[in-house]
Amino acid sequence: QVQLVESGGGLVQPGGSLRLSCAASEFTLADYTIGWFRQAPGKEREGVSCISKNDGIIGYADSVKGRFTISRDNAKNTVYLQMNSLKPRDTAVYYCAAGETCNYRSFASWGQGTQVTVSS
């Protein structure tokens, strides 16, 4: 099982930016499809973005399109989620996950999550 570690969360004002990182120490993330998910208090976990392993196809939830960008840095074995124009509704724990496809059921390995709070 892939061990994933998220970082980069924190408190930011509305309109601000954060960059989340998803890293693995013993596995090559380029060999996996990586997804970012989030879960707000009292709500179900939802998909935010995904980057596939084979063809690099990228997808975003409608709620974050135009504001969030997912990318890979294979040299650093890290996947990033750049989040701009943050809104209070983006407040959640953000998780990265590794799998074979962007289908939710394929994600077998999950990180512990990083808290993102958007508030003035």
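**Close-up views of a predicted model**

**View 1. Strand S1 is joined to strand S3 (residues 18–23) by 3 bridges, and the two run antiparallel.** Strands are DSSP runs of E with at least two residues, numbered from the N terminus, and two of them pair if DSSP finds at least two bridges between them. Within S3, Cys 22 is the bridge partner of Glu 6. The model is a predicted one, in which local features need pLDDT of at least 70 and side-chain atom pairs count only at pLDDT 80 or more, while totals for chains, interfaces and linings use all residues. Residues are numbered from 1 along each chain as its sequence is written, and side-chain values use heavy atoms, with hydrogens and water left out.

**View 2. An open sheet is formed by 4 strands in the order S1-S3-S8-S7, with antiparallel pairing.** Strands S1 (5–7) and S7 (68–73) stand at the edges, each with a single partner strand, so one side of each is left without a neighbour in the sheet. On average, and with direction ignored, neighbouring strands of this sheet are turned by 15 degrees against each other, the axes being lines fitted to C-alpha atoms and the angles running from 0 to 180 degrees between N-to-C directions.

**View 3. Strands S7 and S8 form a hairpin with 4 residues between them.** Asn 77, in the turn, has a positive phi of about 55 degrees. The antiparallel strands S7 and S8 (residues 78–83) are joined by 6 bridges, and Ser 71 stands opposite Tyr 80 in S8. The charged end of Arg 19 sits over the ring of Tyr 80, 4.0 Å from its centre, where such a placement requires NZ of Lys or CZ of Arg within 6 Å of the ring centre and within 35 degrees of the ring normal.

**View 4. The structure holds 2 disulfides, each a pair of cysteine sulfur atoms within 2.5 Å.** Cys 22 is joined to Cys 96 with an S to S distance of 2.1 Å, and this link is right-handed, with 75 degrees about the S-S bond. Because Cys 22 lies in strand S3 and Cys 96 in strand S9, the pair ties together parts that are 74 residues apart in sequence. Both Cys 22 and Cys 96 are buried, that is, under 20% relative accessible area, whereas exposed means over 50% and partly exposed lies in between (1.4 Å probe, protein chains only).

**View 5. Cys 50 and Cys 102 form a disulfide with sulfur atoms 1.8 Å apart.** The torsion about their S-S bond is about -90 degrees, so this disulfide is left-handed. Distant parts of the chain are linked here, with Cys 50 in strand S5 and Cys 102 in the loop between S9 and strand S10 (109–110), 52 residues apart. Cys 50 counts as buried at 8% relative accessibility, while Cys 102 is partly exposed at a relative accessible area of 39%.

**View 6. Phe 37, Tyr 104, Phe 107 and Trp 110 form one aromatic cluster.** Rings of Phe, Tyr and Trp (its six-membered ring) pair if their centres lie within 6.5 Å, and planes under 30 degrees apart count as stacked, over 60 as edge-to-face and the rest as tilted. The count comes to 5 aromatic pairs by this rule. The ring centres of Phe 37 and Phe 107 are 5.2 Å apart and the planes stand at 80 degrees, so the pair is edge-to-face. Phe 37 in strand S4 and Phe 107 in the loop between S9 and S10 are 70 residues apart, and both are buried. The charged end of Arg 45 sits over the ring of Trp 110, 4.6 Å from its centre.
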